[in-house]
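Reader: Can you walk me through the charged pairs in this one? Keep it short.
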Amino acid sequence: MIKKEVEKILGYVQKPARYVGGELNSVVKDKDSVSLRYAFCFPDTYEIGMSHLGMKILYSMMNEREDTWCERVFAPDIDMEEQMRKHNIPLYALESGDYIKNFDIIGFTLQYELCYTNVLNMLDLAGVPVFSKDRKELTPIICCGGPCTCNPEPVADFFDIVFLGEGEDSNMQLLDLLKDCKEKDKSKAEFLEMASKIQGIYVPSLYKDSYNEDGTLKELKPIGTAPETVKKAIVANLNKSYYPKEFVVPFIQVVHDRAVAEIFRGCIRGCRFCQAGFIYRPIREKSVETINEQAKAVVKSTGYDELSLCSLSTSDHSKVNEMLTTLIDWTVKDKINLSLPSLRVDNFSDELVEKLKLVRRSGLTFAPEAGTQRMRDVINKNITEEEVLSTCIKAFNNGWTSVKLYFMMGLPTETMEDIEGIANLAMNVVHAFYRNPDREKGTGVQVSVSCSSFIPKPFTPFQWEPEDSMDLLKEKQKHLLESIPSKKIRVSYHETPSSLLEGVFSRGDRRLSKVIFDAFKGGCKFDSWDEHFKFDVWLKVFENNGIDPYFYTKRRRPFDELLPWDHLDFGVSRKFLRMENEKAHKNETTPHCRIKCAGCGANKLNGGNCDARD
């Protein structure tokens, strides 16, 4: 259903299959028989967006409604955008080929802060004004969801609606409301005021910000009848919640090209750096029966020969061994490769190893996160070096020859000794392999060390902490490389300029909307891609707007400072986060949720149930 003008330009771009639609399981409807049209936009390339589970769930869920047609939209790559602008072709949806400026809702998922200029570029390419104040008509409504919306203030001026938390229920309620408002010829202002009453929906235009002389936030107050605090939406029972029986199968290989079974949401662990571990609380499991049934359906409808289990910590499912036994019964027989990401070193049992031996023999991935015990206590990782090594030895004894270890650099209170600890731990893993008397003769080991730059995030105990400067991070990266004693260890790490930008936007305020807009006008897009990142343009834009980016990253924020996200409620209390921050500075740990409740406050979101199981 792609338009002729689009067909004419596809011969001039790489990977034209990104832009044509028509894939297996994509949904095509009669546009004259639906009341609402929803453009679901992923502000990055097709290969990345098609890997995203949240998009798959909401796309299928909305298309189950007879009155709604949800279509997919991805950011065109540089070559395609050039052709579209040259030939005056607005941004269009894949299923129908229709221009999205005529849709009722244009929704973006914000998975990372460096996609913000892509959002503006996509709106501009669609022919839609990027600032919400310039869009007077009821439709299109521009909205966003995803993890970045736990602090949407840097992009607040662009969106009419912000979804907080899990979008299954709040999206359905919003569609009902918009349909009703269209039928009754309500104004945009009337619609937004009514939308603000739905749990999980934040309307930025109904709040006004003001600042102190020192640049810190003074107030962010509601206007009119908008609520003082906006509470996130949550799906209470995953066994009863919607999950698609079919995924759209891409024409080309995408980043995660496989079937996915979600096994639970939330996390019991409480690692102090991990935003996902706090904003997705409380933990809610799916039963083994539900997981098995949903996994079979998706594999059957897509034809994939790989199935991945999705959660923040796969081995923390309370019935992980029963679940794996049930899945292995049919995946091995049907030659389906079962992928288990997010394994923990402290519950890597012998029984789990036996299950994994039946499944795959590729490298294993673990996340010690820090190289010394002191640093692991600071971040509340609650694992020891002995547990890391015993887990690796267990894997080596069962035939594995490669291990990937994830670490973070720039954590609060970190010293160069902690950086050396990363190298020492990796080397001890190498030693553990060669001390194994049962290893196959002539085999070698490969230990990969991946080191990301720590960025303090909202709704974590470290939300008040300063971020390491680019110069200090580079010094630490250099010191790590110099500390690596063996060629058996490979090190990779993130570039620091993009980390600075991510840090600014993760804890920024509304004054940054103008910065993002000016950067977009200056040609910034695909900022998470090194080949497209224009750091010099960003620095110039900050300067032109009189904003110091280091104001948002370098300083430690006092506990009594009003934070740009304090009017949003993701369940975990500010008091609890402060207590965890203070414990971090004393090198004290907190047991995980199944050992002892720490009183984080998330139970109030799910009727007092903090660990919902079947």
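**Salt bridges and burial**

Author: At 24% relative accessibility, Lys179 counts as partly exposed. Partly exposed is the range between buried (under 20% relative accessible area) and exposed (over 50%), using a 1.4 Å probe and protein chains only. This is a predicted model: local features need pLDDT of at least 70, side-chain atom pairs count only at pLDDT 80 or more, and totals for chains, interfaces and linings use all residues. Residues are numbered from 1 along each chain as its sequence is written, and side-chain values use heavy atoms, with hydrogens and water left out.

Reader: Which residue forms a salt bridge with Lys179?

Author: Asp67 does, with the closest N and O atoms 3.2 Å apart. A salt bridge here is a side-chain nitrogen of Lys or Arg within 4 Å of a carboxyl oxygen of Asp or Glu.

Reader: Is Asp67 buried or exposed?

Author: Buried, at 14% relative accessible area.

Reader: How many salt bridges does the structure hold?

Author: The count is 44.

Reader: New topic. Which residues form salt bridges with Lys476?

Author: Glu414 is one partner, with the closest N and O atoms 2.7 Å apart. Asp468 is another, also at 2.7 Å.

Reader: What are the accessibilities of Lys476 and Glu414?

Author: Lys476 has a relative accessible area of 4%, and Glu414 has 13%. Both are buried. Asp468 is buried as well.

Reader: Which residues are linked in a network?

Author: Glu166, Glu168, Glu262, Arg265, Arg284 and Lys286 are linked by salt bridges.
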